[in-house]
Amino acid sequence: MKGRILERLAIWLGLIAGALFAGLPIAWMVSSSLKTNSEIFASPPRLIPEDFTWDAYAAILGNPENLRFFFNSIVVGVAVTLLTLLVATLAAYAFSRFEFRFRSTINMVIVSVQAVPPITLLIPFFGLVVTFGLYNSYLGLILTYLVFTMPYAIVMMISYFSALPRELDEAVKVDGGTSWTALWRVLVPVALPGLTSVAIYTFLQSWNEYLFALTLTQTNDMRTIPVGIQLLMGQNTYQWNQIMAMSVLGSIPVLVIFIFLQRYFLSGLTAGSVKS
Amino acid sequence: MTLKKTWRPRPRGAAAILRVAAPYLYVLPAVALLASLLVIPISTVIGYSFLQGAVTVRNAPFAGIDNYVAVLSDPRFTASLGNTAIFVALSVAAHLLLGLAFASLLNTRLVGALPLAIFRAIYLLPWVFTVAVVAVLWRLLFDPAGVVNYLLSFLGADAVAWLGDSATALGAVTFINIWSGYPFFMVSLLAGLQTIPGELHEAARVDGAHALQRFWHVTIPHLRPVIVSMSLLDAIWTSQQFALIWITTGGGPGNATELLSTYTYRLAFSQYQFSQASASAVIVLVISMLLAFFYVRHLRREAR
């Protein structure tokens, strides 16, 4: 019995140590965003701000340029998510329900495409985007992001569709429907949880992307949030409370998804590793 | 015209053709997109790497393997290759160990379900934040006057400019990457741990195996497939990390934290050496493809 209590104590200590390791830096970010800039490096540092203030948030939200970063990230994220879902659903349907030539070859290519380094694509993309007049435009970013979101979305959708019984689409065909109606009337509604996971994962990929947003946009009115956060470091050198406030604000959509849709969030995260 | 036809009763032949063509039509958008946005760019970058003055010079002349020779003999490239190897090896190893430790803690039966759910959510937090946020946050924490140095001062340590000193910078960025990446392993390993049948551990216990032996001979073999595939995926992604380095150190000081990705980026977009940058980008591609080869081979073996 005594060993049990010691074991339980050890586990609690481990759990708390882990929580401090993971959570303290984030608590520090929130705390710093609620401080005056002069208190940021106060010694000794305080986790609970001495002069609690929303000034940093007011400064960030009062600047239209920062709001524009949010707008841009949302426009690109929504467009990428919708396009990815549409194209990936069609492709995954073909892979899960049909036998056709080059099936395994195409599947193989899609899987290995996920390993192509973004930096390798950056130089030719830059050239192509400039050539087609898409530099510093939404369309340039959206098309670029599709390359990275599409393969994963297809692989995930294949696993969701393959899990659905074939009797579902057979029933539609018996009623005189085509494979097209079977897809949209039956499979897609049933696979909605899977589609949600894919949508979340895709949106987050787009929301978090930095390298291409940095390189393929030029003017501040076209920048997305990750680049915007970094720009803040250059502009007002080290207004740390504002930088942290921007970081918190920029993380809100992700946190909302994480808190309220954690199941979908995690199934997107693990689909690539466990199920395959 | 074809649209109109579908309104009439379809001739047998057309219906049959449509049925045969259906799967191709479904994959067509995806294949077309990936081909135009992937095959063309990759051929382009390979082409650039054999030209002299690609992008900047009109009708750039053929340069043979000059760009590859220039890149491979550049000490900064060699340094970035070494840094990348260290960064990836330490990150993957630590992600695995931390992920396993956290997953084991969360797999306990000695703590209630609600506290465990809260702890799990906290452990996942570092993974939730985007790299740009993680990078600026740790710049603040690792500041010479920052809270990390404050906490270490209780251990009698002197203040260190973690990201600004070439002796500590690579370790510091690796630490940040470890902090933000372990939940990826944790989630999958936890899922794996929960599928181990209790009888296996029970049987081992009856045979007199103590906790460590059970962990090594029951838990680890069971998790092995997940560990291998996660490690390879993590190695692929970590070797491509760019944003974290670019925002925290920019590859500096000197070339202390220069990775292959930042080296390539700098060549292209700071020095406008697009041909050499393309050669470097192709080398990065080859490394990633090698890792991807092992990953796919592993998946195929598991599928069998």
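A cavity, as I use the word here, is a set of grid points where a 1.4 Å probe fits but cannot get out. I keep in mind throughout that the model is predicted.

Entry: I searched the whole structure for cavities of 30 Å³ or more and found 1. I then looked up the volume of the largest cavity, which comes to about 1,400 Å³. Its lining is made up of 48 residues, and I noted those closest to the centre: A:Tyr201 and A:Gln205 from chain A, with B:Val131, B:Trp237 and B:Gln241 from chain B. I sorted the lining by class and got 30 nonpolar, 16 polar and 2 charged residues.

Entry: the contact between the chains. I counted 88 residues of chain A and 86 residues of chain B in the contact. For the area buried between chain A and chain B I have about 7,700 Å². Carbon and sulfur atoms give 83% of that area.

Entry: pairs across the interface. How many salt bridges does the rule find across the interface of chain A and chain B? I noted 0. For polar contact, I have 10 residue pairs across the interface of chain A and chain B, with both residues of a pair at pLDDT 80 or more.

Entry: the chain A side. I asked which element gives the most to the side of chain A that touches chain B. Helix 1 of chain A, residues 2-33, does, with 18 residues. By class, I found 65 nonpolar, 19 polar and 4 charged residues on the side of chain A that touches chain B.

Methods:
Residues numbered from 1 in each chain as written. Chains lettered and ligands numbered in written order. Predicted model: local features only at pLDDT ≥ 70, side-chain atom pairs only at ≥ 80, totals over all residues. Heavy atoms only, no water. 1 Å grid on protein atoms, 1.4 Å probe; cavity = no way out; pocket = protein on both sides within 12 Å on 5 of 7 lines; lining within 4 Å. Points joined across faces, edges and corners; volume = space filled by probe spheres on them. Nonpolar A, V, L, I, M, F, W, Y, C, P; charged D, E, K, R; others polar. Contact = heavy atoms within 4.5 Å. Buried area = accessible area lost by both parts, 1.4 Å probe. Salt bridge = Lys/Arg side-chain N within 4 Å of Asp/Glu carboxyl O. Polar contact = N/O pair within 3.5 Å; in protein donor to acceptor, adjacent residues only side chain to side chain. Helix = DSSP H or I, 4+ residues; strand = E, 2+ residues; numbered from the N terminus.
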